[in-house]
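Here is a friendly walk through a protein model, written for someone who likes to know the cut-offs behind each term. Have a look at the sequence and the coordinates first, and then read on.

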Amino acid sequence: MTASAAAVVWVGLGPVLATAVPEPVPLRLEALPPQAPAPLVTPSRPVPTVTLVPMPSPSPPPAATLTSPAPARTSPSAAARPAPSPPSPVMTVDGWQVFTESDGSRSYLRSFPTAGGTAVIRMAHERVHLVSATPRGDYQVATSQPDPERVVVQFHRASDQIVVDAIWWEGRPYSEVSTVG
C-alpha cells in the first residue's frame with residue numbers, strides 16, 4: 001500500500017470511525033508514588049486511573065532462575081467492563097463500502113481514483129458528503145454541491161476534464177465518472 005493510498009483510506013474512514021467511537025474519557029496519569037495534579041475540569045463520569053510502573057531491564061534472567069510470569073494486574077473497574085465488540089465486517093455494494101451506524105442506519109463510503117485525482121465521498125442519512133478531493137499532477141479540482149443529496153467533483157486542466165458525480169437516488173448511492181475532452 002502506498003503512502004497516498006493509506007492517507008486516502010485514513011481521510012476517508014476517519015469521519016466514519018469518529019462517529020463509532022463514544023465520547024472520549026479523560027485519563028489521569030499517576031507515577032509511583034501517586035502525585036497526580038487535580039484534573040482541570042470535572043468529567044461527567046468517573047475518570048480511569050493509569051499507573052506507570054517501571055519496566056525491568058531487557059536482559060533475560062539466568063536460565064537457573066526462570067520463573068513463570070506474574071499475572072497481569074488490572075483495576076477492578078477495567079475487569080468489570082466488557083471487551084469492545086469487534087467491528088462488523090465491511091460489506092461492499094456497487095463499489096461502495098457499507099457501514100452500519102450506531103443508530104442502525106447504513107452509511108456508504110467510496111474512493112474514486114481517476115487520472116485527474118482522487119475523490120472520497122460518503123453518503124449517510126440520504127445526504128452526500130465530500131470527504132476529500134485531491135488533484136494529481138497538473139490537474140486542478142473544483143467541487144460543488146447543488147443540493148444535499150448530490151456532490152460533483154471536477155478534476156480539470158487545459159486539455160480535459162474528469163467529473164465524479166455522486167447522488168443519493170431511489171434509496172441508494174449512485175455515481176458516475178465521466179471524461180470530457
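## A buried tryptophan and its sheet

Tryptophan 168 counts as buried, because its relative accessibility is 15% and buried means under 20% relative accessible area, with exposed over 50% and partly exposed in between (1.4 Å probe, protein chains only). Before going further, please keep in mind that this is a predicted model, in which local features need pLDDT of at least 70 and side-chain atom pairs count only at pLDDT 80 or more, while totals for chains, interfaces and linings use all residues. Residues are numbered from 1 along each chain as its sequence is written, and side-chain values use heavy atoms, with hydrogens and water left out.

Which residues does tryptophan 168 touch, leaving aside its neighbours within four places in sequence? Tryptophan 168 is in contact with Tyr108, Met123, Glu126, Val128, Glu149 and Pro173, where contact means heavy atoms within 4.5 Å. Arginine 150 is 18 residues away from tryptophan 168 in sequence, and the two C-alpha atoms are 6.5 Å apart in space.

Tryptophan 168 belongs to strand S10, residues 161-169. Helices (H or I, at least four residues) and strands (E, at least two) are DSSP runs, numbered from the N terminus. S10 is part of an open sheet of four strands with antiparallel pairing, in the order S8-S9-S10-S11. Strand S8 (140-147) and strand S11 (172-180) each have a single partner strand, so these edge strands are left without a neighbour in the sheet on one side. On average, neighbouring strands of this sheet are turned by 15° against each other, direction ignored; axes are lines fitted to C-alpha atoms, for helices over the stretch in contact, and angles run from 0 to 180 degrees between N-to-C directions.

## How the strands pair

Two strands pair if DSSP finds at least two bridges between them. The table walks across the sheet, pair by pair.

| Strand pair | Bridges | Direction |
|---|---|---|
| S8 and S9 | six bridges | antiparallel |
| S9 and S10 | seven bridges | antiparallel |
| S10 and S11 | nine bridges | antiparallel |

Valine 141 has phenylalanine 155 in S9 as its bridge partner. Valine 152 stands opposite aspartate 165 in S10, and isoleucine 167 stands opposite tyrosine 174 in S11.

S9 and S10 form a hairpin with four residues between them. The hairpin of S10 and S11 has two residues between the strands, and there glutamate 170 takes a positive phi near 55°.

## Salt bridges

How many salt bridges does the count come to? The count is six salt bridges, a salt bridge being a side-chain nitrogen of Lys or Arg within 4 Å of a carboxyl oxygen of Asp or Glu.

Aspartate 94 is exposed, with a relative accessible area of 54%, whereas arginine 172 is partly exposed at 36%.

Are the partners in the next pair, arginine 122 and glutamate 101, buried or exposed? Arginine 122 is buried, with a relative accessible area of 12%, and glutamate 101 counts as buried at 12% relative accessibility. Their side chains meet in a salt bridge of 3.2 Å, N to O. Arginine 122 lies in strand S6 (residues 117-124) and glutamate 101 in the loop between S4 and strand S5 (106-114), so parts 21 residues apart in sequence are tied together.

Aspartate 138 and arginine 157 form another salt bridge, with the closest N and O atoms 3.1 Å apart. Aspartate 138 is in the loop between strand S7 (127-135) and S8, and arginine 157 in the loop between S9 and S10, so the pair links parts that are 19 residues apart in sequence. Salt bridges that share partners join Asp138, Arg157 and Asp160 into one network. Aspartate 138 counts as exposed at 53% relative accessibility, and arginine 157 as partly exposed at 34%.

## The chain as a whole

The chain has two helices and eleven strands, following the pattern α-β-β-α-β-β-β-β-β-β-β-β-β along the sequence. Of its 181 residues, 20% count as buried.
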